[in-house]
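Keep the viewer open as you read, and bear in mind that the model is predicted.

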Amino acid sequence: MSFSADDHHYMARALQLAERGLYTTDPNPRVGCVLVREDRIVGEGWHERTGEAHAEVHALLAAGDAARGSTAYVTLEPCCHHGRTPPCSEALIQAGVSRVVVAMRDPHSQVDGGGLRQLQEAGITVDSGLLEAQARQLNPGFIRRMQRGRPWVRLKLAMSLDGRTAMASGESQWITGEAARQDVQQWRARSSAILTGVGTVLADDPSMTVRLEQTEHQPLRVIIDTNLSTPAGAKILQQPGRTVLMTCSEDEAAREELQNAGAEVITVPQDAHNSVDLAAVLDQLGEMEVNELHVETGATLAGSLIQTGLVDELIVYMAPTLLGDAARGLFHLPGLENMADRLQLQIKDIRAVGEDWRITAGLKKS
């Protein structure tokens, strides 16, 4: 299917609208819709919050009678099932839309082409695949959860130019500048959950919250805590929202103490090293409708996630400083002894953030 310059223009606008829901639609996908009739936009909308109207409905309400005979540009296939809201495919049919252009099919098992078929059976022209790559970039977590039952895992790290994360004493505040730290808050805000390890809790006593004025919700906080070592008085347990501990411990006294302190404790299987099975954690988070998982943790857990192939994306902030040979490294990656053992990364983006540099990378699949 070949698309016109106008098609590209209007779909690009729909993608802009979808991005407005970056921090608010979770666990639903971010979706935008533009209605065009006689070369003029007559209605547009985006999905703003879970449980509220979808993008198509907002656009149809804005267009009114002008929707009849229009072309709808939608970043995700219109839903065709009754979920938290009625089907958008039926709304488009009833409004008399003549053509629907979608960026990508909905990977949800209850849709996945069904919305497109329903539109076609109603006599509406349907074209798909326009700016699909850009649409997928908006919803990596939703797509991953629908297809594999797990969230998209984004590992955030901060390092010096010589690849160090802290002095030998453990002192690490602050490697990067204020601009980079504010940028991290944006990544946290778009995530469904923020994950860390108990080692980080014990060493730094972090809050793991989003500290932005416009924040409407706090992501779920998750602690990997094999032996239930989190102190009942830890700051992370005193923040608004939910904190979940993933453990394989059977210590009922520790469990009760932490639950009384406000934590939810979930038991998951052990791995071969008698630690929490990280793959099982991701499965559990998928069941909890976690789309994007933001990870901030120490070298040991970060290395384990890398070596088990569970990281989808690395966000590394590099500061123009040197911490020296005795400082702590970025990852704990035992067993890498030969060049053939090295882990290959694919750099996706490098950009300045204040005085620091932000590197976005993915792991190359062997």
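## A pair of helices

Let's begin with helix H2 (residues 55-63) and helix H3 (residues 88-95), whose axes come within 9 Å and cross at roughly 20°. Because angles under 35 degrees count as roughly parallel, H2 is roughly parallel to H3. The crossing of H2 and H3 is left-handed.

Which residues bring the two helices together? On the H2 side they are Glu56, Val57 and Leu60, and these meet Cys88, Ala91, Leu92 and Ala95 in H3.

Now turn to the strands. In what order do the 5 strands of the open sheet lie? The order is S2-S1-S3-S4-S5, with mixed pairing. Strand S2 (40-46) and strand S5 (125-128) are the edge strands, each pairing on one side only. On average, neighbouring strands of this sheet are turned by 15° against each other, direction ignored.

## Strand partners and a helix on the sheet

For a closer look at one pairing, find strand S1 (residues 32-37): 6 bridges join S1 to S2, and the two strands run antiparallel. Within this pair, valine 34 stands opposite glutamate 44 in S2.

Helix H4 (residues 114-121) packs on the sheet, where it touches strand S4 (99-102) and S5. The direction of H4 makes about 150° with that of S5.

Conventions: Residues numbered from 1 in each chain as written. Predicted model: local features only at pLDDT ≥ 70, side-chain atom pairs only at ≥ 80, totals over all residues. Heavy atoms only, no water. Pairing = 2+ DSSP bridges. Helix = DSSP H or I, 4+ residues; strand = E, 2+ residues; numbered from the N terminus. Axes fitted to C-alpha atoms, helices over the stretch in contact; angles between N-to-C directions. Contact = heavy atoms within 4.5 Å. Parallel < 35°, antiparallel > 145°, perpendicular 65-115°, else oblique. Left-handed = near helix turned anticlockwise from the far one by under 90°.
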